[in-house]
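Colleague: I would like to learn how to read the features of a model like this one. Please take them one at a time, with the general idea before the case.

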Amino acid sequence: SAFKYYKDGTYIKALEDLDTIKTDRDRKILGNKEYLKGIIFNRLLRYEEAIESFIKAQKLGFKIEDFHYELGQAYYANNDLFKARSSFTQSFDSGFNKKISLYYMAHITQILEEYKKAKVYYTSLLKVAEEEKDLKMSQIAHFQLSECLLSMAEKREDPKPLIIKFVIPHLNKSKKVLPESSLAKEIEKRI
């Protein structure tokens with residue numbers, strides 16, 4: 001019944017039902033309970049509680065395909081960026097939601113101002129997006145890559161030649177991918 005309430009979006013009722021599950025049940029049931037609580041807490045924007053529930057589920061040996069991705073979402077929303085990146089890396093490595101996990105890995109690395117590493121992630125994301133013909137992600141990857149390159153160039157004594165050679169071409173490519181998108185308008189201003 002808790003899962004039905006969850007599917008219906010009645011999250012508080014789902015949590016109430018989950019709390020009726022006794023702690024003397026087997027580990028698999030308890031792990032499932034904690035995982036579902038973590039998902040619900042994520043949807044309710046209660047990230048500390050989500051993280052706590054996910055960690056309990058993990059300690060109980062619970063495994064599911066999207067576990068690290070969901071944990072990464074909770075860490076990211078809670079601004080625990082190193083743990084979020086680690087979780088998204090595990091999600092990527094396990095093959096779950098690879099493209100979005102890679103985006104989060106790149107974006108978090110960029111926020112942490114590790115621009116060379118972020119550049120590698122965005123370059124990988126760009127390759128995947130282009131292989132899959134995902135125009136929106138391709139546009140985002142070009143744009144964010146240009147932002148990383150700009151941050152790297154600005155640390156140099158004379159950034160202008162680097163900006164002209166590396167940043168502007170990625171901005172132009174990004175704009176060209178989906179020229180009518182709202183991001184294209186932002187890119188035009190950025191150029």
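**Salt bridges, rings, burial and a pocket**

Modeller: Take a salt bridge: the side chains of Glu49 and Arg46 meet in one, at 2.7 Å from N to O. The term requires a side-chain nitrogen of Lys or Arg within 4 Å of a carboxyl oxygen of Asp or Glu. In general, side chains of opposite charge can pair when their charged atoms come close. The model is predicted, so local features need pLDDT of at least 70 and side-chain atom pairs count only at pLDDT 80 or more, while totals for chains, interfaces and linings use all residues. Residues are numbered from 1 along each chain as its sequence is written, and side-chain values use heavy atoms, with hydrogens and water left out.

Colleague: Are Glu49 and Arg46 buried, partly exposed or exposed?

Modeller: The classes rest on relative accessible area: buried is under 20%, exposed is over 50%, and partly exposed is in between, with a 1.4 Å probe and protein chains only. Glu49 has 33% and is therefore partly exposed; Arg46, at 31%, is partly exposed too.

Colleague: How many salt bridges does the rule give?

Modeller: The count comes to 11 salt bridges. One of them joins Glu70 to Arg43, with the closest N and O atoms 3.4 Å apart. This pair links distant parts of the chain, since Glu70 is in helix α5 (residues 67–77) and Arg43 in helix α3, 27 residues apart. Helices here are DSSP runs (H or I, at least four residues), numbered from the N terminus. Glu70 counts as buried because its relative accessibility is 9%, whereas Arg43, with 35%, is partly exposed.

Colleague: Which residue forms a salt bridge with Glu188?

Modeller: Lys175 does, at 2.3 Å from N to O.

Colleague: Next, aromatic pairs. How is such a pair described?

Modeller: By the distance of the ring centres and the angle of the planes. Rings of Phe, Tyr and Trp (its six-membered ring) pair if their centres lie within 6.5 Å; planes under 30 degrees apart count as stacked, over 60 as edge-to-face and the rest as tilted. A search of the whole structure finds 10 aromatic pairs. For Phe54 and Phe67 the centres are 5.8 Å apart and the planes are at 85°, so this pair is edge-to-face. Phe54 belongs to helix α4 (residues 47–59) and Phe67 to helix α5, so the pair ties together parts that are 13 residues apart in sequence.

Colleague: Why is the pair of Tyr103 and Tyr104 called edge-to-face?

Modeller: Because the planes stand at 65°, with the ring centres 5.9 Å apart. Tyr103 is buried at 19%, and Tyr104 is buried at 15%. These two tyrosines also belong to one aromatic cluster with Tyr69, Tyr76, Phe88 and Phe96.

Colleague: What does Asn42 contact beyond its sequence neighbours?

Modeller: Contact means heavy atoms within 4.5 Å. Leaving aside neighbours within four places in sequence, Asn42 is in contact with Tyr47, Ala50, Phe54, Glu70, Gln73 and Ala74. Asn42 sits in helix α3 (residues 27–43) and is buried, at 7% relative accessibility. Lys37 also lies in helix α3, and its relative accessible area of 11% makes it buried. With residues up to four places away not counted, Lys37 touches Leu15, Leu18, Asp19 and Ser53.

Colleague: Finally, which residues line the largest pocket?

Modeller: A pocket is an open set of points on a 1 Å grid over the protein atoms alone, where a 1.4 Å probe fits, with protein on both sides within 12 Å along at least five of seven lines; lining residues have an atom within 4 Å of a point. Here the lining is Lys116, Lys119, Leu149, Met152, Ala153, Arg156, Leu162 and Phe166. α9 gives the most to this lining, with 3 residues. The lining divides into 5 nonpolar, no polar and 3 charged residues, where Ala, Val, Leu, Ile, Met, Phe, Trp, Tyr, Cys and Pro count as nonpolar, Asp, Glu, Lys and Arg as charged, and the others, Gly among them, as polar.

Terms used:
Helix = DSSP H or I, 4+ residues; strand = E, 2+ residues; numbered from the N terminus.
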